[in-house]
Amino acid sequence: MSNPALAKEIQREVAKRRTFGIISHPDAGKTTLTEKLLLFGGAISMAGTVKSRKASRYAVSDWMAMERERGISVTSSVMKFEYEGFEINLLDTPGHADFSEDTYRVLTAVDSALMVIDSAKGVETQTKKLMDVCRLRDTPIISFINKMDRDGLEPFDLLADIEQNLKIECTPLTWPIGMGKEFRGTYSLVDNKLHLFSADHGGRIQQGIVFDGADDPRLDEYLGRQAQQLRDDIELISGAANPFDKERYLRGEQTPVFFGSAINNFGVQELLDNFIRLAPGPGPRPTTTREVEPTETDFSGVVFKIQANMDPRHRDRIAFMRINSGKFVRGMKVMHHRIGKEIQIKDATIFMAQDRSGVDVAYPGDIIGIHNHGTIKIGDTFTDRESLKFTGIPNFAPEHFRRVRLKDPMKAKQLQKGLLQLAEEGAVQLFRPLTNSDYIMGAVGVLQFEVIVARLKDEYNVDAAYEPVNLHTARWVSAKDTKTLDTFRKNYMGDLAEDAQGELVFLPNSMWRLESTTERCPEITFAKTREHN
Ligand code: G4P
């Protein structure tokens, strides 16, 4: 049944929403920038509120304790704030390299990303990996080159570095004047405004001084000898840099670049103002049958992350759902498609910067948290009418493997239960070889293994240990017809396993084994990622 008033309301709300994530290498300034964005959004009132999630600086046990102490770290996983009439959902991505698989999945729930680069370091390993993930969905990316108050690489070199290493065209929308001690501010190439930098301006940027282009002689008054450098730079940019092309940005082919210093709150408001203007709102989402438009009045959502409470007394977990169409209303009944059951969502949570609160209504682009007592998995779709299955939430090929060894054989059942449930969260993957009854865990980062052993003990009362196992990577295998796949299964039995969903996986012990097998079996598809189903 059509409901014009509801359709209008949803259209209005969709147009107001911006859902994004920040991608960066640890230490580039993501936490600092997040905090400043929240300050502008009025979501927090004091600097120092957002705790740095520097897992890398702690031992695993500290990290576990930290997570537990905070009760649940989801309060900072999704931060909602308002800015200039826009409803902004900032999804946090754990900084530690070992948790990058989780990060990857979070990125499937955003409509755009903000990439933070340290001006002294340029593109770093984690930036590269995250960029690869963004590319899987052609996510539009805005870049922020941070720490201009320090001596770093030359701005032109930074752009070249991004273009070469990340294979994305750069188009600067602001340009820095000097750096380090000589950093004077930024010049907007969009509206010829100069923003002067001072380390003690108390946060808010000044209005900016408008010039009649870079030739305006007043520029010399403000910048002295650096004015000429700016003019030369601008001339070079107009000759060499690509003009901003919104369509190309939206297709993920071009990134607008901003310069600033997050810690000094410099360039952040400029970034935010441009972000709401340029970044896309919620877009259509693919399902196995059709694309779902956010403005459709029927409700739909997909779970992209599950986080355990880490409270051993109640083993409840929170499932993070991104709303993809329609309107969510507290207490609504929705269909859980994988298990074919209707459930009522009574206690959904919306995450604000500092706390979480019950949610009455939510719209496409918003993230709600629902309690999961083991029936919800990553990738699950919920709708209020049509039977749908959203796609695009991948499992990634693990790069590290361990064989799980049970210390007390009487606990085999518990172990299996624990492993299956923890694998369900998606932090590790579980493989059962076809030729033996081992449990092989695969993870994108090694820290996950320690976390799993500690949680098996804590939450399932199972003492487990790991043994090294000589495996190199994993590839999900498929073929056009079952006969080809059966022959492959027979010939490569010793290298094959099933994952927790029963999908066939090739586990080669070396790069060479993988390459030679792919060459020898051209009719088999070896996939690096697998859709959750
Ligand atoms: P991350 O979340 O990406 O890991 O980075 P985070 O914001 O924690 O920043 C990493 C370090 O860089 C911090 O210093 C932070 O203060 C500093 N930083 C962030 N933005 C800027 C900037 O614009 N200019 C300069 N000069 N430094 C910046 P730290 O000493 O590692 O930590 P802390 O003791 O200050 O918290």
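Predicted model: local features only at pLDDT ≥ 70, side-chain atom pairs only at ≥ 80, totals over all residues.
View 1. Strands here are DSSP runs of E with at least two residues, helices are runs of H or I with at least four, and both are numbered from the N terminus. Strand β26 (residues 429-433) runs antiparallel to β27, and three bridges join them; two strands pair if DSSP finds at least two bridges between them. The two form a hairpin with six residues between them. Strand β25 (residues 400-406) is also antiparallel to β27, joined by four bridges, and Arg 402 has Met 441 as its bridge partner.

Residues are numbered from 1 along each chain as its sequence is written. Local features need pLDDT of at least 70 and side-chain atom pairs count only at pLDDT 80 or more, while totals for chains, interfaces and linings use all residues; side-chain values use heavy atoms, with hydrogens and water left out.

**View 2. Strand β27 is covered on both faces.** In a regular strand the side chains alternate between the two faces of the sheet. In β27 (residues 440-443), Ile 440 and Gly 442 lie on one side, Met 441 and Ala 443 on the other, and all are buried (under 20% relative accessible area; exposed is over 50%, partly exposed in between; 1.4 Å probe, protein chains only).

View 3. An oxygen atom of the ligand lies 2.7 Å from a backbone N or O atom of Asp 27. A polar side-chain atom of Lys 147 is 3.0 Å from an oxygen atom of the ligand.

**View 4. Phe 183 and Phe 266 form an edge-to-face pair.** Rings of Phe, Tyr and Trp (its six-membered ring) pair if their centres lie within 6.5 Å; planes under 30 degrees apart count as stacked, over 60 as edge-to-face and the rest as tilted. By this rule there are 16 aromatic pairs. The ring centres of Phe 183 and Phe 266 are 5.6 Å apart and their planes stand at 90°, so this pair is edge-to-face. The two residues are 83 residues apart in the chain, and both are buried.

Technical notes
Polar contact = N/O pair within 3.5 Å; in protein donor to acceptor, adjacent residues only side chain to side chain.
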